[in-house]
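Welcome, and thanks for taking a look at this one. Please have the sequence and the 3D view side by side as you read.

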Amino acid sequence: SYNTISNETLNISFDRGNCYISDDLSVYSHGEHLMVQYKDNEAFQLEYDVSDFCVYENKIYFISGTGGLYYNDPSLLNPKSVLIKYPREECISSIMMCGGYCYYIGDGSKRSNYNPGLYRYSFDSDQSELIKQEDILSLNQRDDTLYFATNSGIYAADETGCKKISGIKTEELYIFGDEWIY
């Protein structure tokens with residue numbers, strides 16, 4: 001009803017605007033760290049500083065300030081996180097989980113002749129592969145497909161490969177329903 005006032009139980013201050021909110025989980029930036037609130041439990045701070053994060057299958061995946069890829073299971077209510085990979089050859093700026101892979105933007109490495117690109121890390125094989133060698137402007141996902149924008153257009157990547165779907169340059173990708181990408 002529009003005529004009632006209720007108590008607000010979610011009292012969050014966003015330092016950098018990076019957040020995830022669902023019925024059971026709230027994850028938000030607090031300085032260089034992440035605060036995690038699982039269900040009605042008290043919020044706790046993850047032990048490492050975080051440069052980027054995403055939530056996938058009820059786990060928090062993040063890149064630490066030193067470049068390691070970690071995950072935290074918030075249902076354990078423990079600030080300690082598990083190291084997945086420390087890719088010393090790559091400086092990772094952004095991650096997104098999609099289709100059982102961790103896609104990440106690398107700023108250039110020895111392996112890619114110091115050119116930036118989009119990489120895909122497989123948890124099964126513990127290997128990374130280059131998907132597209134170009135400056136990546138934006139990432140988004142729908143179902144098991146990752147969409148990304150570059151200066152040369154918009155691409156879709158999944159476990160079968162990568163294909164260009166538009167020659168339009170865009171800074172950000174927004175997906176609405178099953179048909180529209182902006």
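Predicted model: local features only at pLDDT ≥ 70, side-chain atom pairs only at ≥ 80, totals over all residues.

- Let's begin with strand β5, which spans residues 50–56 and is mostly covered, with six of its seven residues buried.
- The partner here is strand β6 (residues 59–64), joined to β5 by six bridges in an antiparallel arrangement.
- Across this pairing, Phe 62 in β6 is the residue that stands opposite Phe 53.
- Two residues separate β5 and β6 in the hairpin, and Glu 57 in the turn has a positive phi of about 50 degrees.

**Asp 52, a buried acidic residue**

- Asp 52 belongs to strand β5, and its relative accessibility of 13% falls under the 20% limit, so Asp 52 counts as buried.
- What does its side chain reach? There is a polar contact of 3.2 Å between the side chains of Asp 52 and Ser 94, and the Asp 52 side chain also reaches the backbone nitrogen of Ile 95 at 2.9 Å.
- Leaving aside residues up to four places away in sequence, Asp 52 touches Asn 18, Tyr 61, Phe 62, Ile 63, Ser 93, Ser 94 and Ile 95.

**Aromatic pairs**

- How many aromatic pairs does a search of the whole structure find? The search finds nine.
- Take Tyr 48 and Tyr 70: their ring centres are 4.5 Å apart and their planes stand at 35 degrees, so this pair is tilted.
- This pair links distant parts of the chain, with Tyr 48 in the loop between β4 (44–45) and β5, and Tyr 70 in strand β7 (residues 69–72), 22 residues apart.
- Tyr 48 is partly exposed at 28% relative accessibility, whereas Tyr 70 is buried at 9%.
- Tyr 70 also pairs with Phe 62: the ring centres are 5.4 Å apart and the planes are at 10 degrees, so this pair is stacked.
- Phe 62 itself is buried, with a relative accessible area of 0%.
- Elsewhere in the list of aromatics, one cluster is formed by Tyr 56, Tyr 61, Tyr 71, Tyr 121 and Phe 123.

- Two bridges hold the antiparallel pairing of strand β3 (residues 33–38) with β4, and Val 36 has Phe 44 in β4 as its bridge partner.

**The β13–β16 sheet**

- Another open sheet of four strands has the order β13-β14-β15-β16, and its pairing is antiparallel.
- The edges are taken by β13 (136–142) and β16 (161–166); each has a single partner strand, so one side of each is left without a neighbour in the sheet.
- On average, neighbouring strands of this sheet are turned by 25 degrees against each other, direction ignored.
- Strand β15 (residues 153–158) runs antiparallel to β16 and is joined to β16 by five bridges.
- Within this pairing, Ala 157 stands opposite Cys 162 in β16.

**Cysteines**

- With a limit of 2.5 Å between cysteine sulfur atoms, the count of disulfides comes to zero.
- Is Cys 98 buried or exposed? Cys 98 is buried, with a relative accessible area of 1%.
- Cys 19 is partly exposed, and its relative accessible area is 35%.

**Positive phi in two loops**

- Leu 77 is not a glycine, yet has a positive phi of about 55 degrees.
- Leu 77 sits in the loop between β7 and β8 (82–85) and counts as partly exposed at 37% relative accessibility.
- Asp 143, also not a glycine, has a positive phi of about 55 degrees.
- The place to look for Asp 143 is the loop between β13 and β14 (145–150); its relative accessibility of 58% is over the 50% limit, so Asp 143 counts as exposed.

Terms used:
Residues numbered from 1 in each chain as written. Heavy atoms only, no water. Buried < 20%, exposed > 50% of the residue type's maximum accessible area, 1.4 Å probe, protein only. Pairing = 2+ DSSP bridges. Axes fitted to C-alpha atoms, helices over the stretch in contact; angles between N-to-C directions. Polar contact = N/O pair within 3.5 Å; in protein donor to acceptor, adjacent residues only side chain to side chain. Contact = heavy atoms within 4.5 Å. Phe/Tyr/Trp six-rings, centres within 6.5 Å; stacked < 30°, edge-to-face > 60°.
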